[in-house]
Amino acid sequence: MRYARVAAIEDAYLKTEIDKTVSPRDHMYNTGQDWYFTVGLDGIRVVLRALSISTLGEVTRILDLPCGHGRVARHLRAAFPRADISFADIDTDGADFCANQFRGTAIHSQPDLSQVALGDGYDIIWIGSLFTHVDEARAETWTRHLCKRLSPRGILIATLHGNWSKEVQRKYGAMIGDAEWQQILAGYEASGWGYARYPGEDDYGVSLCRASTIIAMASRIEGVRILGYNERAWAGNHDVLMIERRDRMEAW
Ligand SMILES: C[S@@+](CC[C@H](N)C(=O)[O-])C[C@H]1O[C@@H](n2cnc3c(N)ncnc32)[C@H](O)[C@@H]1O
């Protein structure tokens with residue numbers, strides 16, 4: 001996308017009043033009021049950076065997955081007022097809240113995302129903190145599945161727990177108990193992707209990934225190009241992977 005177009009989207013977004021309606025069931029708000037709105041805003045900065053290095057012309061369809069109760073959704077609506085936005089989450093209350101409050105379509109997800117009818121032709125798929133909670137096999141299967149849901153030149157943006165998350169666990173508030181963290185670190189050392197379940201959860205927990213492992217995973221997906229990998233790009237916390245649906249082997 002041309003820089004001037006990205007700048008115009010940003011200018012209009014910054015002049016728009018954000019809908020600050022918060023659901024009483026918003027887990028991200030209830031556990032992090034102090035940074036809730038700035039983290040949402042920074043999601044838009046990540047999206048704009050990805051657009052500026054993509055070849056996408058316009059944004060007409062967006063998938064926010066998982067939307068939660070709209071930490072980023074409200075900003076996506078403000079930045080792309082005319083776009084069709086689908087809000088997907090396994091928390092059906094969250095998806096319904098986002099669809100009603102921020103004008104869009106709710107998609108009720110399932111534990112296996114590849115079984116969910118997510119629709120097609122998305123110019124942006126924003127995946128804020130989902131792969132941060134699953135193992136590598138699921139993240140790869142889901143990334144492949146989601147890349148096929150993109151429009152030609154559409155972009156997928158996924159956030160991940162990279163190096164910085166080790167400091168977060170150690171100094172800023174543990175994401176998971178010590179026994180599980182040791183299991184995560186062992187997996188991380190062995191393969192570049194550590195994962196452990198939250199106690200009591202079926203198969204949902206915390207992951208920790210090496211940038212090189214993510215790049216290798218994205219490199220195995222056909223029909224796309226890696227746009228970039230940025231450490232701590234979302235709110236100084238999560239790493240960000242950006243992929244464009246444009247065949248890396250397309251002829252000159
Ligand atoms: C850390 S929250 C992030 C929510 C939102 N992106 C945000 O930034 O506030 C993780 C979300 O993933 C959702 N989730 C977990 N498994 C899912 C699945 N299989 N499909 C869709 N959403 C899922 C949870 O319900 C939760 O809302």
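Author: Start with aspartate 89: one of its polar side-chain atoms lies 2.6 Å from an oxygen atom of the ligand. Bear in mind as you look that this is a predicted model, so every distance here is computed from that model. Next, find proline 66, where a polar backbone atom is 2.6 Å from a nitrogen atom of the ligand. Glycine 128 also uses its backbone: a polar atom there is 2.9 Å from a ligand nitrogen. So how much of the ligand's accessible area does the protein cover? On its own the ligand has 600 Å² of accessible area, and the protein covers 89% of that.

Now zoom out a bit to the whole shell. There are 19 residues around the ligand, and the closest are Pro66, Asp89, Ser109, Gln110 and Gly128.

Strand 6 (residues 193-197) has four of its five residues buried, so it is largely enclosed by the rest of the structure. Strand 6 pairs with strand 7 (residues 205-209) in the antiparallel sense, over five bridges. To see that pairing for yourself, find tryptophan 193, which stands opposite cysteine 209 in strand 7. Helix 3 (residues 33-52) is worth a click as well: its buried residues include Tyr36, Val39, Ile44 and Leu48.

Definitions and conventions. Residues are numbered from 1 along each chain as its sequence is written. This is a predicted model: local features need pLDDT of at least 70, side-chain atom pairs count only at pLDDT 80 or more; totals for chains, interfaces and linings use all residues. Side-chain values use heavy atoms; hydrogens and water are left out. A residue is near a molecule or strand if one of its heavy atoms lies within 4 Å of it. A polar contact is a pair of N or O atoms within 3.5 Å; within protein, one must be able to donate a hydrogen and the other to accept it, and residues adjacent in sequence count only if both atoms are side-chain atoms. Accessible areas come from the Shrake-Rupley method with a 1.4 Å probe; for residues, only the protein chains shown count as cover. Buried means under 20% relative accessible area, exposed over 50%, partly exposed in between (1.4 Å probe, protein chains only). Helices (H or I, at least four residues) and strands (E, at least two) are DSSP runs, numbered from the N terminus. Two strands pair if DSSP finds at least two bridges between them.
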